Amino acid sequence: MAAGIERIDFKGLPALRLGAGNGASAVVSLFGGQVLSWTPPGGQERLYLSPAARFDGSTPIRGGIPVCFPQFADLGPLPQHGFARTANWSVLNERSGEGYALATLGLRDDDATRALWPHAFTAELSVLVEDARLDLEFEVTNTGGEGFDFTAALHTYLAVREVEETRVEGLHGYSYRDKADANRIGRDSGDVLLIEAETDRVYHGVERPLLLREYDRSLGINNADGFVDVAVWNPWVERSAAIADLPDDAFRRMLCIEAAAARQPLQLAAGKSWWGRQTLVAL
Ligand SMILES: O=P(O)(O)OC[C@H]1O[C@@H](O)[C@H](O)[C@@H](O)[C@@H]1O
C-alpha cells in the first residue's frame, strides 16, 4: 500500500491503516486501541487474528495485540485483562514520512471506567511501522490526586506456521509462574522453549531480547522499559476448542508472547507516568 495513514473501516469498526511505503503496513483498531495486522516488507502477515474473532464493538477482539490494562489476566477484581481492550480509543497523533508511519491513540477515564476502577488516568499507545520493525509504546499517566496500582500487558498474538515447530530462544534461566500448573514457580532450564502442551506462563524480569524461530523465518522480540515480564500463552487443544472465538485448531497457528508488567502490581503516584515498550523485528 501507499505510504501514509488512512482511516478505514475494518469489519465494521473504525481503524487506521499505517503504511511505511516499502510494503510494510499495520492496521490499528480504535476499539481496544488494538493492532490487528502487521505486515513487514515482503507481505507476510506476522500477527494472528482469529478467523472467528467478533467485531461487535463490545467483545474483546481475539488476536492482534490487545492492550491489557489496568489489570493483567485475572490478577484482580476487574473483568479479565481490564477494560482498555473493550474501550473506544481516540486518535491523538498521526505522522508519516520517508519509510515510516506513526500513530498515537489515547484513552482516558470516564464514567464507565470510574465505575469499575475509581481512578483518573490517561493512557497512550504509540504504534510505529518502519522497515521490518513494529514498535509499540504504552504509557500511563496518573492524572488524579492519589496513587493507584495496576498491572498491564501488550498481549501480542504472533502468527506461526506450526506451533510445534516453533522455538523460542532467550528465556533460559528465568523463573516463571505457571498458570497451567496451579501457579507453580518454575525455572526455564532448556536452550529453547518448545510449545508442546497448554502453556500459560509469566516469566519474571526478562532482560534479554527473545527470538522466535521457524524453519524459514524468525522474529526478534524486545520488551523494554516498564515491561519487565514476558507472558507466553498457547491454549493448546482443549482450551482452543473451548474458546468460542477461536477455531479448534487455532492453537497451531498462534503463539502469544506478551510484554507484561504482571509479577506484581505497579504503583503509580499522583502526577507520574509509567511506560513500557515492545519491538518486533521480522528477520
Ligand atoms: O481469553 P482472554 O480473556 O483473551 O485471555 C486469554 C489468555 O490470556 C493470557 O494472557 C492469560 O495468561 C491466560 O490465562 C488467558 O486465558
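Which residue takes a positive phi in the hairpin of β1 and β2? In that hairpin, which has two residues between the strands, Lys11 takes a positive phi near 50°. The legends below place this residue and others in context.

**Basis of the views.** The structure is a predicted model, in which local features need pLDDT of at least 70 and side-chain atom pairs count only at pLDDT 80 or more, whereas totals for chains, interfaces and linings use all residues. Residues are numbered from 1 along each chain as its sequence is written. The protein chain averages a pLDDT of 97, and 100% of the residues score at least 70; pLDDT is the predictor's confidence in each residue, from 0 to 100. The scores of the model are ipTM 0.97 and pTM 0.97.

**View A. The open sheet formed by β1, β2, β3 and β4.** Four strands form this open sheet in the order β1-β2-β3-β4, with antiparallel pairing. At its edges lie β1 (4-10) and β4 (34-39), each of which pairs on one side only. From one strand to the next, the twist averages 20° (axes are lines fitted to C-alpha atoms, and angles run from 0 to 180 degrees between N-to-C directions). Strands are DSSP runs (E, at least two residues), numbered from the N terminus, and two of them pair if DSSP finds at least two bridges between them.

View B. Strand β2 (residues 13-19) is joined to β1 by seven bridges, and the two run antiparallel. Arg7 has Leu16 of β2 as its bridge partner, while Gly4 has Gly19 of β2. With strand β3 (residues 25-29), β2 pairs in the antiparallel sense over five bridges; here the bridge partner of Arg17 is Val27 in β3. The hairpin of β2 and β3 has five residues between the strands, and Gly21 takes a positive phi near 90° in it.

View C. Leu136 is found in strand β9 (residues 133-142). Leu136 is buried because 24 other C-beta atoms lie within 10 Å (buried: 20 or more other C-beta atoms within 10 Å of its own; exposed: 12 or fewer; partly exposed: in between; C-beta atoms are placed from the backbone). Leaving aside neighbours within four places in sequence, Leu136 is in contact with Ile65, Leu125, Val127, Leu154, Arg277 and Gln278, contact requiring C-beta atoms, placed from the backbone, within 7 Å. The C-alpha atoms of Leu136 and Ala242, 106 residues apart along the chain, are separated by 31 Å.

**View D. Strand β21 and its partners.** Over nine bridges, β9 and strand β21 (residues 273-282) pair in the antiparallel sense, and Glu137 has Arg277 as its bridge partner in β21. Strand β18 (residues 218-225) is joined to β21 by seven bridges and runs antiparallel to it. Asp225 stands opposite Gly276 in β21.

**View E. Gly173 in the loop between β12 and β13.** This loop lies between β12 (167-169) and β13 (175-178) and contains Gly173. Gly173 is exposed because 10 other C-beta atoms lie within 10 Å. Its C-alpha atom is separated by 9.2 Å from that of Asp191, 18 residues apart along the chain.

**View F. The shell around the ligand.** Surrounding the ligand are Pro60, Ala73, Gln80, His81, His155, Lys179, Asp200, Ala231, Trp233 and Glu258, a residue being counted if its C-beta atom, placed from the backbone, lies within 6 Å. By class, this shell has four nonpolar, three polar and three charged residues (Ala, Val, Leu, Ile, Met, Phe, Trp, Tyr, Cys and Pro count as nonpolar, Asp, Glu, Lys and Arg as charged, and the others, Gly among them, as polar).

Methods. Two residues are in contact if their C-beta atoms, placed from the backbone, lie within 7 Å.
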